[in-house]
Amino acid sequence: MSAVLLEGVSVTYPGAERPTLVGVDLAVDEGELALVVGRTGSGKSTLLGVVNGTVPHFSGGLLNGRVVVHGRDTRTHRPRDLADLVGVVGQDPIAGFVTDTVEEELAYAMEQLALPAPVMRKRVEETLDVLGIADLRDAPLRELSGGQQQRVAIGSVLTAHPRVLVLDEPTSALDPTGAEEVLAAITRLVHDLAVTVLVAEHRVERVLQYADRVVHVGTDGRVTDGLPAEMMLTSDVAPPVVELGRWAGWRPLPLSVRDARRAGVRLREALPDASPTDLSAPRPVAAGRGADRSVGTALSARGVVVRHGDVVAVAGVDLDLRAGEVAALMGRNGAGKSSLLWAVQGSGRLTSGRVRVGAAPGRDPRSMDARTRRAAVGLVPQTASDLLYLETVAAECDQADRESSAPTGSCSALLERIAPGTSRTLHPRDLSEGQRLALVLAVQLTADPPVLLLDEPTRGLDYTAKRGLRQAVQELAGQGRAVLLSTHDVEFVAETAHRVVVMAAGEVVADGPTSEVVVSSPAFAPQVAKVTSPGHWLTVDQVRAALPAGAP
Amino acid sequence: MTRVPRSVHPGAWWAWALGLATAASTTTNPLLLGLLLAVACLVVAARRGTSPWARAFRLYLWLGAAIVVVRVVLHVLVGLKLGTVALLPVPALIMPSWAAGIQIGGTVYLEGLVGAVTLALRLAVLVVCIGAANALANPKRLLRAFPAALAEIGTAVVISVTAAPQLAESVQRVIRARRLRGDSATGLRAVRQVALPVLQDTLDRSLLLASAMDSRGYGHRVDQAPSARRTTATLTLGGLLGACLGLYGLLDTTSPVWLGVPVLVLGLVLAVAGLWLGGRAVQRSSYRPDPWALPEWTTAAAGAVTAGCLLVQARLDPVAMTMPIEPLSAPALPLLALLGVLVGALPAVLTPEPPRSPARKAVSRAPTLAKGGAA
């Protein structure tokens, strides 16, 4: 018997023109790890929500067909009646925490199921050990790091001993190390406890090698599933290692770095010895809209210190950004990346240090008013939607033109270049994640700042949206702007950034060309670099360019 | 005697605080009120935990101070000035005859001012007592005592308790983001620009929390026979209807007597029975249930003794419990009331210490602060 069985399931939300899911037939067996992939907004979350009845019991909408989880039909069982069977972990763990401390949170689901106290005590201890969080037992939930919070969130549903675990992008907000921790915990559950796991993930490369089955949700709402190697041959979302395998014609398709290395012996021999460092160097700068943007220092920061209370977030950082350069800021959750961006922009806290914008001697962004500062250094914050408050995209664009005294239509033209075809009549909230980011980017670019800072722009973007962002960023750099973006996405960095700055505990621990910095680090190396090591190839495109005749 | 640090049952703290508040409401004697205030502050300082609620106690102290200040200002502006010792010559506004009861301005006398201050002090002490209960008892733990039958209302209460601190956080975040757009609008326009993203954010978070509670089994019911469900619904609805009718009968003097108290009592009994029946379908258990042991009895008893002593004193010697205003003289210090107030301070030493959360390493704290602060 299948653990999760969907028969002819269609979901239509109220007011929607067409169903989000159409005629889904899916059977996931007990102990399987099913990876749900698909473009943003394709209905991955809906498919996961269907499994425990959140769709339609909580979300509203019309569900046709039948969903049976271990013999219980969601038509007659509400989510709360399936709590002992299905554990659900959302994208943002802190949003789902009900109590204050780790231990109470782990016990919460068991309390609702009325388990006796001795059982609860035993299960809490077991779960603390399984997830490696025993030392956090009394810790307040809000003070944990992102990876720790996500593991507590998984633990808090595990204590009810669910037989099915549903995870919606469990690693999207995590740094590579935190993501490893969470994935290690999940695979351990699958292998040791035979828990059935359904996991949706944008960063397919992180989970693909562990998956027993890939479920693909198309943008038309149709769902196909099969073995990972077969599904990846045609999937519209594919990690670099799969792209490399498709290009090189490796069969079976490699899903992990290990497979690809074994298949790629001849590829490594065929690759030229010269490293493609020149490919990642800043290209010659074309004349931008501002004539004074010659090659030179666009922003210079010396001895930046940011303190929040008694915590030192940034501890004396020196940073120079050159015009026409794309720099990536990497580091653990809580390494001080966001604090540095806000301090450098001039709107955030700066305890001590000196920031100058423009060619020497430069101007201090702190001494400017908000409007001038915005025209000097632009910042797109982590929650980009905080900047939007009007009813339509067109209204936001007009407002941006007025704010920066730009000619009417500037913002709209920028938006068209970054994300062609974005509807102007929609409410900004109804845009896809990528389109919303493009809108905020366009709003901030209307002020024409020579320096642009982006705080985790890749969060929640699928491969297509990331490609759009990459093109936009590279075009901006080509116009002579300096771009600094913080991100956890090593693949995006490998394809986009000329330079990588790594922060740890508020200090810069590495700063140099992308190929040197990321290849030397096991956590930050992109998949292609791991496959082609000891060569310094970072992306599939670089490999393709080096071997124009095709793979050996 | 060494005691294991543990938190005292929130119900005990509320019982104690309500005892203190009852005691405060019986007197205008500034000596006793000052002592009650000191006792509340002492116990809070000695036994509060590290939660954000505990840190909010000073807000209640400020609120108390504000009450006194506002009362004095109101007294000077519109209060009825009585007494003989003139303090401040303020010109009075002569009001027309139809507003003869209102006196605007007028010379401020010491007696009237002292009377106003002592009345305001009583209200301030009441507020501080409630604040002490909030600081000492974690509201989330108190929520566990919520009637199981009212699970949906329980969800709403949990969400509002969780959303309040988050609301402040997102207001800060959005205001900071506004500056990035170079926007310095003030007034109504600014309210709209901040309020819309904040409300959307709060609504999203609330829905996520409600969904998370639901999928983790909150309000999960065991199977009940349809007849039992019908009985529950009938009892609860009928009871509430009865209570409404009874209240109407009680307040409306023209309605027959049987429609008053008897119907009200019957309605309440039916409603409680309905809630109890409905609650039986929702089964919950408690991980580390808050025990009700000696410290809890001590705490609750201390509050009761304080309230009792002052009530008895007020019955025996009502004059000693008030501030003598005409003629103005030093307030008395009645022995029984004094002892009662001092008993109220006993929980500061007789209860176990609250558990201290271990100091977090700087690295693991940084993320929250970086996000909550100027990330």
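**Burial and overall form**

I began with chain B, where 35% of the 375 residues count as buried. I note at the outset that I am working from a predicted model, and that what follows is computed from its atoms.

For the secondary structure of chain B I found 14 helices and 2 strands. I then looked up the radius of gyration, which for chain B is 26 Å, well over the 21 Å that the globule rule gives for 375 residues, so I describe this chain as more spread out than a compact globule. The C-alpha trace of chain B spans about 75 × 70 × 60 Å along its principal axes. Counting contacts in chain B with a separation of 6 or more, I see that 79% of them are accounted for by residues 24 or more positions apart.

**Chain A**

I repeated the steps for chain A, which has 22 helices and 19 strands. Its radius of gyration is 24 Å, close to the 24 Å from the globule rule for 552 residues, and I therefore record chain A as being as compact as a globular protein of that length. The principal-axis spans of the C-alpha trace of chain A come to about 70 × 55 × 50 Å. I counted burial here as well: 57% of the 552 residues of chain A are buried. For contacts in chain A with a separation of 6 or more, the share from residues 24 or more positions apart is 71%.

**One helix in detail**

I picked out helix H5 of chain A, residues 146-158, whose 13 residues reach 18 Å from first C-alpha to last, close to the 18 Å expected at 1.5 Å a residue. Is H5(A) mostly covered or mostly open? I find it mostly covered, with 13 of its 13 residues buried.

**Cores**

Which residues have the most contacts inside the largest nonpolar core? They are A:Leu35 and A:Val36, in a core of 194 residues. Helix H17 of chain A, residues 433-445, supplies the largest share of this core, namely 8 residues. I also noted a second, separate core of 48 residues, which includes B:Ala23, B:Val39, B:Val125 and B:Leu310.

I went back to A:Val36 to list its neighbours, leaving aside residues up to four places away in sequence: A:Val36 touches A:Lys44, A:Leu47 and A:Leu48, then A:Leu198, A:Val199 and A:Ala200, and also A:Val215 and A:Val217.

Key: Residues numbered from 1 in each chain as written. Chains lettered and ligands numbered in written order. Predicted model: local features only at pLDDT ≥ 70, side-chain atom pairs only at ≥ 80, totals over all residues. Helix = DSSP H or I, 4+ residues; strand = E, 2+ residues; numbered from the N terminus. Expected span 1.5 Å × (residues − 1). Buried ≥ 20, exposed ≤ 12 C-beta atoms within 10 Å, placed from the backbone. Rg over C-alpha atoms; globule rule 2.2 N^0.38 Å. Contact = placed C-beta atoms within 7 Å. Core = buried A, V, L, I, M, F, W, Y, C linked by C-beta atoms within 7 Å.
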